[in-house]
Amino acid sequence: MRHFAYQRAGDVAEATALHGSDRSADFIAGGTNLIDMVKLDIMRPERLVDVNRLPLTAIESLDDGRLRIGALVTNTDLAYDERIQADYPVLSEALLSGASTQLRNVATTAGNVMQRTRCPYFRNPSRPCNKREPGSGCGALDGINRNHAVLGVSDKCIAVHPSDMCVAMAALGATVTVEGPSGVREIPFEEYHLLPGDTPEREHALSDGELITHVTLDAPITGAKGHYLKLRDRASFEFALASCAAVVTMDGDTVREARIALGGVATKPWRSFEAEAALSGQPASEATFKQAAEAALAGAVAHRDTAFKIPLAKQAIVRALTTVTAQ
Ligand code: SF4
């Protein structure tokens, strides 16, 4: 057991001041991911700044139609919020497909955005991992990699981003508000999570000491319907092998606009602009959906155990679109 200091903040200013730019400090809220990492000796914070008492638990409807979600809103409260269920059902479905009731009751919105990979080599300090220890190698590249990514991979890292919530947010469009030593800034959701490239240890666009305070969803698209399909080895308390968030508006039998994002197959929540282009203005038919699926996976790269994910992800897209356009 490694010792660490514990400090509790009462507001955002105090939290960011306590943390400063100290790389040995971490913020803690629900702790469902961070405490795992500490117990596994993968994260070794010398100080934890507890942000659970910060006034960031509200979901606010903004005048411009957007919905502003406080960083500390739990996954349960977000999933069952009436505005989420009415206007962003894909997000509610994604949240309720993740983890377990007990975990959703304490896991927070910001914590879900910050969630780290489940790659078993990353979670085992005795194995090489470029993400945990840059330059040490990647145990998964030539190892057991059935649960790894086929999109957004590099020759340094093929780890899957584990979140369901973030896949829905990628499809819906959102903005992450952060506050830190340099003040307040906003990061488009698409730019928040980083591809591994040559620096898999850099997972997000946060600067040292920045705290997520809100995630703001774009205004709902008029007439849009949404669906989140998650394919996994067992029906609950399991991460996705492949998932698809689909948000679609129709003109009669024609797709007017579609938003498609994938989970379980990519190194970050994966918005597929290629699939969206293949759907726009096309008849809502199985042939169109298959073309969109082909476009989405055109750049996929398989490793030893991941080839099955490519047809699985395509089928997830076809099924999700079939379901959402039949609503
Ligand atoms: Fe580490 Fe990424 Fe390789 Fe997993 S896939 S061992 S997280 S470098």
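Author: The second largest cavity has a volume of about 70 Å³. Of its 16 lining residues, Cys119, Cys129, Cys138, Cys157 and Ala159 are the closest to its centre. Its lining comprises 10 nonpolar, 4 polar and 2 charged residues; here Ala, Val, Leu, Ile, Met, Phe, Trp, Tyr, Cys and Pro count as nonpolar, Asp, Glu, Lys and Arg as charged, and the others, Gly among them, as polar.

This is a predicted model, in which local features need pLDDT of at least 70 and side-chain atom pairs count only at pLDDT 80 or more, while totals for chains, interfaces and linings use all residues. Residues are numbered from 1 along each chain as its sequence is written, and side-chain values use heavy atoms, with hydrogens and water left out.

On a 1 Å grid over the protein atoms alone, a cavity is a set of points where a 1.4 Å probe fits but cannot get out, a pocket is an open set with protein on both sides within 12 Å along at least five of seven lines, and lining residues have an atom within 4 Å of a point. Grid points are joined across faces, edges and corners, and a volume is the space filled by probe spheres set on the points.

The count is 2 cavities of 30 Å³ or more. The largest cavity has a volume of about 200 Å³, and among its 21 lining residues Lys131, His161, Leu194, Glu203 and Thr267 are the closest to its centre. That lining divides into 10 nonpolar, 6 polar and 5 charged residues.
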